[in-house]
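Let us learn to read a structure by question and reply. Look it over before we start.

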Amino acid sequence: MSTALIYINLDAVHPIINSVWHRTNINRLPSSGEPITMLCGATAPAEFEGAAHRDVIRVARQCWDCERVYREKRGLPAPPNGYPEPAHPVPHPR
Ligand SMILES: [Zn+2]
């Protein structure tokens, strides 16, 4: 019996956690419920939905912490206007 092979570009996988899309460095598709770690360090269990189930009301924002790590690992320059405020608050030393 033949299979229906579906290729997925893992470089184009941007997991969304609480309306923020992240970058991750996965080398295989995770199982549903398997924890995956984003470049920024956030971790959450994988969940899959078809694109038709995307939330069109709340558009996901980009995680700039992931973007910073992604660019630094590839030797890419920072965005021309710099990075916006971190998505995750950074504690201030006293
Ligand atoms: Zn992130």
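**Reading the chain step by step**

Read along the sequence, the chain runs β-β-β-β-β-α. Its radius of gyration (taken over C-alpha atoms) is 16 Å, well over the 12 Å that the globule rule (2.2 Å times the number of residues to the power 0.38) gives for 94 residues, so the chain is more spread out than a compact globule. This is a predicted model: local features need pLDDT of at least 70, side-chain atom pairs count only at pLDDT 80 or more, and totals for chains, interfaces and linings use all residues. Residues are numbered from 1 along each chain as its sequence is written.

Q: How many helices and strands does the chain have?
A: Helices (H or I, at least four residues) and strands (E, at least two) are DSSP runs, numbered from the N terminus. Here the chain has 1 helix and 5 strands.

Q: What is the mean pLDDT of the chain?
A: pLDDT is the predictor's confidence in each residue, from 0 to 100. Where it is low, the predicted coordinates should not be read in detail. The chain has a mean of 89, and 90% of its residues reach 70 or more.

Q: What does the C-alpha trace span along its principal axes?
A: The spans are about 65 × 30 × 25 Å.

Q: In what order do the strands of the sheet come?
A: Strands of a sheet pair through backbone hydrogen bonds, either parallel or antiparallel. Two strands count as paired if DSSP finds at least two bridges between them. In this chain, 3 strands form an open sheet in the order β1-β2-β5, with mixed pairing. β1 (16-17) and β5 stand at the edges with a single partner strand each, so one side of each has no neighbour in the sheet.

Q: In which sense do β1 and β2 pair?
A: β1 and strand β2 (residues 20-21) pair in the antiparallel sense, over 2 bridges. I17 has V20 in β2 as its bridge partner.

Q: What phi do N18 and S19 take?
A: Most residues other than glycine have a negative phi. N18 is not a glycine, yet its phi is positive, about 50°. S19 is not a glycine either, and its phi is positive at about 65°. N18 lies in the loop between β1 and β2, and S19 has its place in that loop too.

Q: Is N18 buried or exposed?
A: Count the other C-beta atoms, placed from the backbone, within 10 Å of a residue's own: 20 or more means buried, 12 or fewer exposed, and in between partly exposed. N18 has 10 such atoms, so N18 is exposed. S19 has 11 and counts as exposed. Over the chain, buried residues make up 11% of the 94 residues.

Q: Which residues does Q62 touch?
A: Two residues are in contact if their C-beta atoms, placed from the backbone, lie within 7 Å. Q62 lies in strand β5. Q62 touches W21 and E67, not counting residues up to four places away in sequence. Q62 is partly exposed, with 14 other C-beta atoms within 10 Å.

Q: Which residues of helix α1 are buried?
A: In α1 (residues 64-74), D65, C66 and E67 are buried. Their cover includes β5 (61-62). Just after α1, G75 takes a positive phi of about 70°.
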